[in-house]
Amino acid sequence: MLYREALNLAYHEAMTADESVVTLGEDVGFYGGSYRVTEKLYEQFGAHRVIDTPISEQSIVGNAVGMAIGGLRPVAEIMTANFALLAFDQIINHMAKLPYMSNGKVQLPIVVRFPQGVSKQLAAQHSESYEQMLAAVPGLIVLTASTPQAAYHGLKKAIELDDPVIFIEHELLYNKKGEVDTQARFDPFKAQIVKPGNNITLVSYLKMVDDVMTAVPEIEQQLGVSCEVIDLNSLNPIDTDTLKTSLSKTGRLVMVEEDHKTGGYGAQIVSWASEHCFYELDAPPLRIAGLDTPIPYNRTLELASIPTPDSIAQQIIQWGKQNGL
Amino acid sequence: MKVLWREMLRIRRFEEMVASQYAEQEMRCPVHLSVGQEAIAVGVCSQLEPEDLVYSNHRAHAHYLAKGGDMTALIAEFYGLENGCVGGWGGSMHLMDLKAGFAGSTPIVGGTVPIATGAAWAQKLKQSSACTVSFLGDGCFEEGGVAESLNFAALHQLPILYVLENNLYSVYTPLEKRQPPRELYKVAEAMGLKSLKGFGNDLEEVLPLVEQALKWIRSGEGPVFLELSTYRWPEHCGPNDDDHLGYRPEGELQRWQARCPIQLAQVNLGIDEIERSQIEAEVKQEIEKCWQQALEGGIPKAENMETNVYA
Ligand SMILES: Cc1ncc(C[n+]2csc(CCOP(=O)(O)OP(=O)(O)O)c2C)c(N)n1
Ligand SMILES: [Mg+2]
């Protein structure tokens, strides 16, 4: 099943099981979504539950908040992360805080989904990643999905939760194929050990998990080590148990992310590790991230601005050699 | 008038060239073609002075060219080359040619509308005789920032012309699924702007409307809101046709194609086929020459990656 089909299946099941689940966004209805994630929902559930909105991101999320207060469980789709910026007021000032500010009088079972990241030459205003900002907001749960399996189970769980969830996808993952076991006991709050190993813990999420996996054979061969690859999946809360167990075994941490390095999400992981796993670590952690520049348009430079399998392998090999591997 | 007809043809042939070259995959940027909407860009920009400013959106090629933006630099930008209008850092959706008064386009829907409004404030403060034009789409009209800008411009009588190109769609969703039945320009009127409306495919109808609007603006009676109806022929984004997707009623595209701005003006101006083919040849030659020149540019340098992040 494709990643986007897995999301679609989660929608179908959730909307069939619970009539209060509605979805809204630009082009989500009749057309079935920019990335076809909401395909056929309009036909099956009708225009009152699958809502084509005006081009008004701030209102999409604001309306979702009101719908949730009114007893619905809205899933809002924003076309891409950069457009979600127009809704950050509603997301951060309202959606994240109303349950707290109301002294618990309201619950907001809302999912706001959007893709992010570098796709192919969409340039500075269509390519960025904002998990670091959103994971820093108390009151929001931030989930990601790097596989169809995680997409299906993650979205289903997100819709069931009574807290607002930011559900982040990646532009380049929608056509990724993978098995979806709907009966599996998949916990989206648990980090996944994508590949077990003994000497280096490689932590990542979203599309970078694939790039890390592509880089691993070269790293293992050049350094003569075995790598453990962890897909965080949930960015807030963080499954620190899985991280701690892995670091106790390997003693080495590499964090790979696509967002800008300064203030990037990985800083949180490395900071946590230095606070809580200091004595387990045998080497300074390595962070591999995007440059601190907007994403350039030119394809060569675009690729030079974010980690690639090649640059990931090279940086880790160099770091490994400098640190006794 | 014939010069304006020629300009529309030039833009049409340019966009067709973009579409035909797109298939080669060298040029990767999402292109939002203006085919079918040329009379608006030309009708508006031809009446501006070089120092007047134009702000645009994702569908910017026609605005850029009509305002006198450099064609070679535009093509080079599509290819991400150093000689591009923004050095290869932006692509089709991020255009700028300050020399020509094309102040910029960005693809965050609604993004340039408040910016254009601020630019008009600066013009007013400096007692400049120049004004600003802000192009926006019917979808853009739904963004909150647009309402905020109209309010601000009306409050301070800013020298700005908002040109709403109503092509009835935002990507795949038709206007009637996004807005109640109403006249868009009446909304602006209710907000305190002088507002006009016309058929945007007829150059002869567009020109006097723009003339009136600019007269008001230049005599300090602005701002003005001008709604022009039109229709996009190609797919929302990309070089192809997407009519087969069925989001537009059957025959609608054909009805609009029958009201092609270039064809209409050709008939009205009495341009015969001999004259037309002569102009076609000149236009073709210019585009091909620019294309060739554009491709001589180099790739922007990786060592400059951080150059303009800060001043
Ligand atoms: C803030 C924001 N939301 C959504 C989009 C996606 N998008 C790009 S163009 C477009 C259509 C806008 O329609 P309109 O303003 O009518 O312009 P047209 O494409 O018809 O020329 C949309 C929704 C975007 N680029 N920015
Ligand atoms: Mg439109």
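In the predicted model, strand β1 of chain A runs parallel to strand β2 (residues 50-52) of chain A, and three bridges join the two. Within this pairing, L24(A) stands opposite I51(A) of β2(A). Strand β1(A) also pairs with strand β3 (residues 73-77) of chain A; the two are again parallel, and five bridges join them. Here V21(A) of the one strand is placed opposite R73(A) of β3(A).

Strand β1(A) covers residues 21-25, and five of its five residues are buried, so the strand is largely enclosed by the rest of the structure. The burial extends to both faces of β1(A). On one side lie V21(A), T23(A) and G25(A), on the other V22(A) and L24(A), and all of them are buried.

The secondary structure of chain A as a whole comprises 13 helices and 12 strands. The C-alpha trace of this chain spans about 60 × 45 × 35 Å along its principal axes. A compact globule of 325 residues would have a radius of gyration near 20 Å, and the value for chain A, 20 Å, agrees with this. Of the 325 residues in chain A, 54% are buried. Among contacts in chain A with a separation of 6 or more, 78% are made by residues 24 or more positions apart.

Chain A is divided into two domains, domain 1 spanning residues 3-170 and domain 2 spanning residues 192-322. Their C-alpha centres are 27 Å apart. The contact between them involves 20 residues of domain 1 of chain A and 21 residues of domain 2 of chain A. On the domain 1 side, the elements that give two or more residues are α7 (131-134), β5 (141-144) and β6 (165-170) of chain A. The largest share on that side, four residues, is contributed by β5(A). By class, the side of domain 1 of chain A that touches domain 2 of chain A consists of 10 nonpolar, eight polar and two charged residues.

Chain B contains 11 helices and eight strands. With a radius of gyration of 19 Å, close to the 19 Å that the globule rule gives for 311 residues, chain B is as compact as a globular protein of that length. Its C-alpha trace spans about 50 × 50 × 35 Å along the principal axes. Buried residues account for 49% of the 311 residues in chain B. Of the contacts in chain B with a separation of 6 or more, 73% involve residues 24 or more positions apart.

Between the chains, 33 residues of chain B are in contact with 27 residues of chain A. The side of chain B that touches chain A is made up of 16 nonpolar, 11 polar and six charged residues. Ligand 1 also lies between chains A and B. There are 21 residues around this ligand, and those that come nearest are V109(B), G137(B), G139(B), C140(B) and S170(B). By class, the shell around ligand 1 has 10 nonpolar, six polar and five charged residues.

Note on methods. Residues numbered from 1 in each chain as written. Chains lettered and ligands numbered in written order. Predicted model: local features only at pLDDT ≥ 70, side-chain atom pairs only at ≥ 80, totals over all residues. Domains from an automatic or database assignment. Contact = placed C-beta atoms within 7 Å. Nonpolar A, V, L, I, M, F, W, Y, C, P; charged D, E, K, R; others polar. Rg over C-alpha atoms; globule rule 2.2 N^0.38 Å. Buried ≥ 20, exposed ≤ 12 C-beta atoms within 10 Å, placed from the backbone. Pairing = 2+ DSSP bridges. Near = placed C-beta within 6 Å.
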